[in-house]
Every structure is written in C-alpha cells, then in structure tokens.
Amino acid sequence: RVAGKLIIQVGTLLIGVGLLWYRAVSGDAFTSTDLVGPFATIGVGIGALLSQVANITLSGVSEDERGGATGVYNTGKELGTSLGTAIIGTAMLASFYLFYVNTTALTVGQDLSPTSAQALAIELEDAQQRLDEERLVGLVREQVPSLGVADVYAIADDSWTRANQRALETALVVTVLTFGASTFIRRPRAD
C-alpha cells in the first residue's frame, strides 16, 4: 500500500512537469498535438492529487462527523478552485494588456505616458469584454496611427503568448507551494 502523502507529492510533481512542458511547447508555432503530452501529464497529476486529498482529509474524522467533514472539504475544494482560477486568470489578463500596450509603444518607438498607457489598457479591456474586435483595433490605431491592422494582430498574438506564459509561471508557483505544503501532511492518529 502506498501512502497518500507520497501520491499527493507525485501528483504535484506531475502537474509541475506538465506545466513546464506546456510552457516549453507553447511558443509562436505549436499545434494541438503538441499539447497532448503536457495536458495528459497535468491531468494524471491532478487526478492523483485530488483522489488522495479527500482520503487524507476524511481519514482522521470519526464516522459520526464524516458528513459534516465532507461538506467542509467540498466547500474548501470549490473555494480553492474558484480562487485559483481567479488568480491565474487575473495574472493572464493583466499581463496581456500590459504586454500589448508596451509592445505597441516599443514597436513604433513611441513613448506613451503612463496615463496614456493605462487609459489604452482600460479601453482595450473594455472592448475585449464586449468582443468588439473593430473597436479594439481602432483604439490601438488611434493611439499609434502608424501601425497597420496586421501589426496590431501580430502584437496581440505575441502579447497573448507572453501572457499565457506568465499565467503558466503563476500556476507553477502555486504548484511548488502545494508541494511544499504537502510535506506537512501527517499520518492520522489511530484512535
């Protein structure tokens, strides 16, 4: 029989390996088949991790308290999933707009004031939320008229790739912290 703590740690390591692998293959030119290996590795790691977290969490609880403990566990799992998604999503979108505005300014050798850069980033985010692609391109071209439409799309693609990598790095930090936390798991006391 393999200890739950070891399975959690192996699962966490698999998630980390999968994230690093995904970051390595997710550059400018990758195909969906390039993602099969990293995603499968991450999936196996998540499966191993989550199966044992429930076992370890509930193993130290008496039969009378198991229903309440399951509810608390599920609430914590849902809260953690929501919080994790929010953190990774925020890191990704904030990075995208930051990279987009800065790369646009660097591409044309134009200095945007911090106020102009912030205003453009906010307007870009608003247009993106409304899925108004024409307005998105128009906003950038208003600020930097020398950019062509193809340039705007190329900058967006580059910024999206860089933001995706920033989100992966954030997820990797969370994975390392999870592995560190798993070292504190103790075997439940036998009553």
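Leaving aside neighbours within four places in sequence, Y100 is in contact with L124, V140, V152, I155, A156 and S159, where contact means heavy atoms within 4.5 Å. The model is a predicted one, in which local features need pLDDT of at least 70 and side-chain atom pairs count only at pLDDT 80 or more, while totals for chains, interfaces and linings use all residues. Residues are numbered from 1 along each chain as its sequence is written, and side-chain values use heavy atoms, with hydrogens and water left out.

Y100 also belongs to the largest nonpolar core, which has 23 residues; Y100, V101 and L124 are those with the most contacts inside this core. Here, a nonpolar core is a set of buried Ala, Val, Leu, Ile, Met, Phe, Trp, Tyr and Cys residues joined through side-chain atoms within 4.5 Å. Buried stands for under 20% relative accessible area, exposed for over 50%, and partly exposed for anything in between (1.4 Å probe, protein chains only). Two or more residues of this core come from each of helix 3 (66-108), helix 4 (114-129), helix 5 (133-143) and helix 6 (149-182). Helices are DSSP runs of H or I with at least four residues, numbered from the N terminus. Helix 3 gives the largest share, 7 residues. Another core, of 9 residues, lies apart from this one and includes I15, L19, L35 and A171.

Aromatic rings come next. The count comes to 4 aromatic pairs, given that rings of Phe, Tyr and Trp (its six-membered ring) pair if their centres lie within 6.5 Å, with planes under 30 degrees apart counted as stacked, over 60 as edge-to-face and the rest as tilted. Y22 and F39 form an edge-to-face pair, because their ring centres are 5.1 Å apart and their planes stand at 65°. This pair links distant parts of the chain, with Y22 in helix 1 (residues 4-25) and F39 in helix 2 (residues 36-59), 17 residues apart. Y22 is buried, at a relative accessible area of 13%, whereas F39 is partly exposed, at 43%.

The rings of F96 and W160 are edge-to-face too, since their centres are 5.2 Å apart and their planes are at 75°. F96 lies in helix 3 and W160 in helix 6, so this pair ties together parts 64 residues apart in sequence. F96 is buried, with a relative accessible area of 7%, while W160 is partly exposed, with 39%. Ring pairs link F96, Y97, Y100 and W160 into a cluster, which brings the account back to Y100.
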